[in-house]
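Welcome! Please open your viewer, and let us walk through this structure together, one selection at a time.

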Amino acid sequence: MAAEVPENPLFPPIPELVIGLVAFFIVFGILAKKLLPNINRVLDERRRQIEGRMEEAEALQAEAQQVLADYRAQLADARHEAARLRQEAQEQGATLIAEMRAEGQRQREEIIAAGHAQIAADRKAAAQSLRQDVGKLATDLAGKLVGESLEDHARQSRTIDRFLDELEAGATKAEAGR
């Protein structure tokens, strides 16, 4: 046995190598005939499913983009409508305020005019009452001074009126001089 050459672990014996290669090609042929079509079919199905899902995702994304664009358009319209309504409300408010101011001004002027008319009427009534009272007092005083009764009413009235007119003319000149 000394004649045997020690075996090299890197190079197997030829018969084992041939049997191993034949077995490999038999297993490879069976796998190629039976298993490879099933693997290809499953891979094709997966590829079709993935492509279908990608198409669905693209369609959903396009639809989402359209919905987003519609939402933004509606939001812009709503903002424009709100701005328009706000502007109208401000204009109506300004108009209402102007109308209320005009009405207040008109009422104030009416009240002032009524007050002036009332003051003029009261002044006239007071002047008339004062004329009568001053005339009566003046007549009584003159009667006491003279010692006679001054009964002629027409004459009394003319005298009193002339006297008071002279007083008013003097008061008017005094006010104009100020």
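Which residues form a nonpolar patch on the surface? Select Ile 14, Leu 17, Val 18, Leu 21, Val 22, Phe 24, Phe 25, Ile 26, Phe 28 and Ile 30: together they have about 1000 Å² of accessible area. A patch here is made of residues with over 30% relative accessible area and no salt bridge, where nonpolar side chains (Val, Leu, Ile, Met, Phe, Trp, Tyr) are joined within 5 Å and like charges within 9 Å. A salt bridge means a side-chain nitrogen of Lys or Arg within 4 Å of a carboxyl oxygen of Asp or Glu.

A word on the model before you go on: it is predicted, so local features need pLDDT of at least 70 and side-chain atom pairs count only at pLDDT 80 or more, while totals for chains, interfaces and linings use all residues. Residues are numbered from 1 along each chain as its sequence is written, and side-chain values use heavy atoms, leaving out hydrogens and water.

Now zoom out to the whole chain. Of the 178 residues, 4% count as buried, where buried is under 20% relative accessible area, exposed is over 50%, and partly exposed is in between. The accessible surface (Shrake-Rupley method, 1.4 Å probe) comes to about 16100 Å², and 62% of it belongs to carbon and sulfur atoms.

Next, show the rings. The structure holds 2 aromatic pairs; rings of Phe, Tyr and Trp (its six-membered ring) pair if their centres lie within 6.5 Å, and planes under 30 degrees apart are stacked, over 60 edge-to-face, the rest tilted. Select Phe 24 and Phe 25: this pair is edge-to-face, 5.6 Å centre to centre with 65° between the planes. Phe 24 and Phe 28 sit 4 residues apart in helix 1, about one turn of the helix.

Is Phe 25 buried or exposed? Phe 25 is exposed, because its relative accessible area is 55%. Phe 24, at 49%, counts as partly exposed.

Finally, select Glu 51, Glu 55, Glu 56 and Glu 58, which gather in a patch of negative charge on the surface. Glu 51 belongs to helix 1 (residues 14-146).

Key:
Lys and Arg count as positive and Asp and Glu as negative; His and the chain ends are not counted. The place of a charge is taken as NZ of Lys, CZ of Arg, CG of Asp or CD of Glu. Helices (H or I, at least four residues) and strands (E, at least two) are DSSP runs, numbered from the N terminus. Buried means under 20% relative accessible area, exposed over 50%, partly exposed in between (1.4 Å probe, protein chains only).
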